[in-house]
Amino acid sequence: MRFFIDDLPVIFPYDYVYPEQYQYMCGLKRSLDSKGHGMLEMPSGTGKTVSLLSLIIAYQQFYPGRRKLVYCSRTVPEIDKALAELKRLMEYRQQQGCQDENFIGLGLTSRKNLCVHPRVSMERKGAVVDARCREMTSSWVRTKAQTVGNIELCDFYEKIQTMETSELLPSGVYTLEDLTDYGKANGMCPYFLSRRVIPMADVIIYSFHYMLDPKVAELVSKQFERDSIVVFDEAHNIDSICIDSLSIDINERTLRASTASVERLGERVEEMKAENSEKLRDEYDRLVEGLRDALAARDEDLVLANPILPDNVLHEAVPGNIRKADHFVRFMKRFIEYLKARMRVMHVVAENTPSFLKHIREVTYIDRKPLRFCAERLASLVRTLEITDLEEYGALAKVAGFATLCATYDTGFMVLFEPFESDQSTISNPVLHLACLDAAIAIKPVFQRFHTVIITSGTLSPMEMYPRMLEFAPVVQESFTMTLARQCFAPLVVTRGGDQVTISSKFEVRNDPAVVRNYGNLLIEMARVVPDGIVAFFPSYLYMESIVAMWNENGVLKDVWKHKLIFVETPDAAETSIALQNYRAACNNGRGAVLLSVARGKVSEGIDFDHNFGRAVIMFGIPYQYTESRILKARLEFMREAHQIRENDFLTFDAVRHASQCIGRVLRGKTDYGLMVLADKRYSRADKRSKLPRWISTCLTETSINLSTDMAIGLMRKFLKAMAQPFELSSQLGISMWANEHIVQHGGRGDVVATDAAAAMEVDQVS
């Protein structure tokens, strides 16, 4: 269909549009028009991706300037799904007569996912693929191959180097599979092909880390223009991703590997001194001038700022005591020995970065300034020494990154030494954590760099929390509800069992036999009543294991088995993948199945349980983080002081957004239906309910928030009976689906062509 938002003609690749899709596109356009940031929450399964792409592609093609879209998603399957949606949209636009000339849309992922080299692509580990690739594509290897005949190069990479960028890829949209097939057919490397074409592309779809992780962003995101549109989809966990990208954990194994790496580095330096000392002298001269060759590009506003090293530092000359290669090697040895000595401490030490640096200075006379340049100085030396197998130097790079972060930031980080894995453990296993406490550090360069950054998801409530944590001011901040011709999902809060004993995962009662028995009875009754698949979520693996063990002892599992098969998610990705596969098979063949999973696990993020794969989701308890974690305590204290966010507010917000994410898995569209069961007394409180997404909380009525197991089962039977009735698509028209005439009725502009044709028909009938 075709309609207008203000003066913008939007081509939408379906016959009808949902009202919330139309409202979402209106909010998105307001954000683009104002060149400001936006936050948009849209219900799960209502076509958020296609709405977003339809509006932004229309905006790109209609207004001059053709702003680039950088769409960030979380996982490779989600990236591929978004690319497939984009491909379908562009094909539809072509059928509608749109002249989208020279349009390129593509995705970017790791070498491991895109490599087509017959030998290298057989490797299973991503780090090994990277190392083998560099051995054949590094500039110094290729230079050496011109004089030495027996060096293997990658033919796929070499072909790209012989071609102009404009000749590499015809216009069109390429999924990751399309890109790989094109590379194989034309003898070109898909990975470097996508890297080369990125500056020309209109739409780039890739992982969050390519934008937020400073080590990766520097490589792939530096060429994007300031007016690019950046979208973070499924961004409810964006604060955690920001923090993880700048947090580093170092254990004894890391330090042992670092020592071996620095010894190898010293040997390579001595070899190069003997063979080609000119290169080391050239490097020294460059470091006197400043750290980066790319400073001119930075001044022209082309490079994404790196959160590890602020711009003013990059203009400085590298300190003299690490400028020479052998001096830097000795410097790193001294720093590693200091870390080893600190990790021999048998009690917990938590300190801020200035305190940590003060102690280093007192003990080893190492200054802050050379530590700040460690990561970049190591990268420079690795390039000078022409090292291709970077996997060997991974531990050393981690230690250098640790040093750089400590010396760069005075606030927002904590250094924590933990001699034991847990407080109860007696065997020493020391870990040194550099914990980022401020989520804004990683994302601030993105907000400063780009005019429009959109954060969107199905579970962003309460929305006022994100601008405070990430330190940005959205010009558009909206949450949309789901318009329904029939109520196709039913959220229920079960607070007590059939024996009227309160159920909860609170620490004091979580292993109470009565609570465990009532949770088991709820699962048995639901397995009896609900058809096909049921997904049950627990707050943690530990809690799931203890509950399942107790259920096994008191016969709950046997009773569930009478009605459905049981599969369990484990921390092992391969095992979970097999469990999912068998769960789907059991749902398809009519046997039915229950999948026991964990909130914050693989199943809760990005795996859809549409139609018969998920007719009900149960959330046993509230998935709070482990509140005794010292890192979490430090982060809570930081947020209280820096953002005035109270500890309990954040913990509840974090737990409820993960619970919402879990129960949202059950609904993947308006033709789907499912039950959302929140099994914990605390969900009936207003402070918990208010943090649920608006599209879920508006459907929680007084009759569904304080239920016993028997009452809940009665409501489930009634709901499933209603869902079993025939449902005509036409009954949704004008309510939960809009055609052009409904858009006009609600104050919008429909398709001009369609409206003219209807007017002509009316004239004919009158005459």
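Predicted model: local features only at pLDDT ≥ 70, side-chain atom pairs only at ≥ 80, totals over all residues.
**First stop: the largest cavity**

Rolling a probe the size of a water molecule over the atoms shows where empty space is left. In this model the count comes to four cavities of 30 Å³ or more, and the largest cavity has a volume of about 120 Å³. Select Cys-115, His-117, Cys-133, Cys-154 and Cys-189, which are the closest to the centre of this cavity among the 13 residues that line it. Next, colour α5 (126-137) and α10 (190-197), the elements that give two or more residues to the lining; of the elements, α5 gives the most, with three residues. Sorted by class, the lining of the largest cavity holds 10 nonpolar, two polar and one charged residues.

Strands of a sheet pair through backbone hydrogen bonds, either parallel or antiparallel. Switch to a cartoon view and follow the open sheet of eight strands, whose order is β6-β5-β7-β4-β8-β13-β3-β14 and whose pairing is parallel. At its edges select β6 (172-174) and β14 (476-479), each of which has a single partner strand, so that one side of each is left without a neighbour in the sheet. Looking along the sheet, the twist from one strand to the next averages 15°.

Within the sheet, zoom in on β3 (residues 38-41) and β13 (residues 452-457), which pair in the parallel sense over four bridges. To find one position in this pairing, select Leu-40 together with Thr-456, its bridge partner in β13.

Two packed helices are described by the angle between their axes and the distance between the axes. Select α24 (residues 513-529) and α25 (residues 541-553), whose axes come within 10 Å and cross at roughly 80°. Because angles of 65 to 115 degrees count as roughly perpendicular, α24 is roughly perpendicular to α25.

Which residues of the two helices meet? Show the side chains of Val-516, Tyr-519, Gly-520 and Leu-523 in α24, which meet Tyr-543, Ile-547, Met-550 and Trp-551 in α25. The residues of this contact divide into seven nonpolar, one polar and no charged.

Key
Residues numbered from 1 in each chain as written. Heavy atoms only, no water. 1 Å grid on protein atoms, 1.4 Å probe; cavity = no way out; pocket = protein on both sides within 12 Å on 5 of 7 lines; lining within 4 Å. Points joined across faces, edges and corners; volume = space filled by probe spheres on them. Nonpolar A, V, L, I, M, F, W, Y, C, P; charged D, E, K, R; others polar. Axes fitted to C-alpha atoms, helices over the stretch in contact; angles between N-to-C directions. Parallel < 35°, antiparallel > 145°, perpendicular 65-115°, else oblique. Contact = heavy atoms within 4.5 Å. Pairing = 2+ DSSP bridges.
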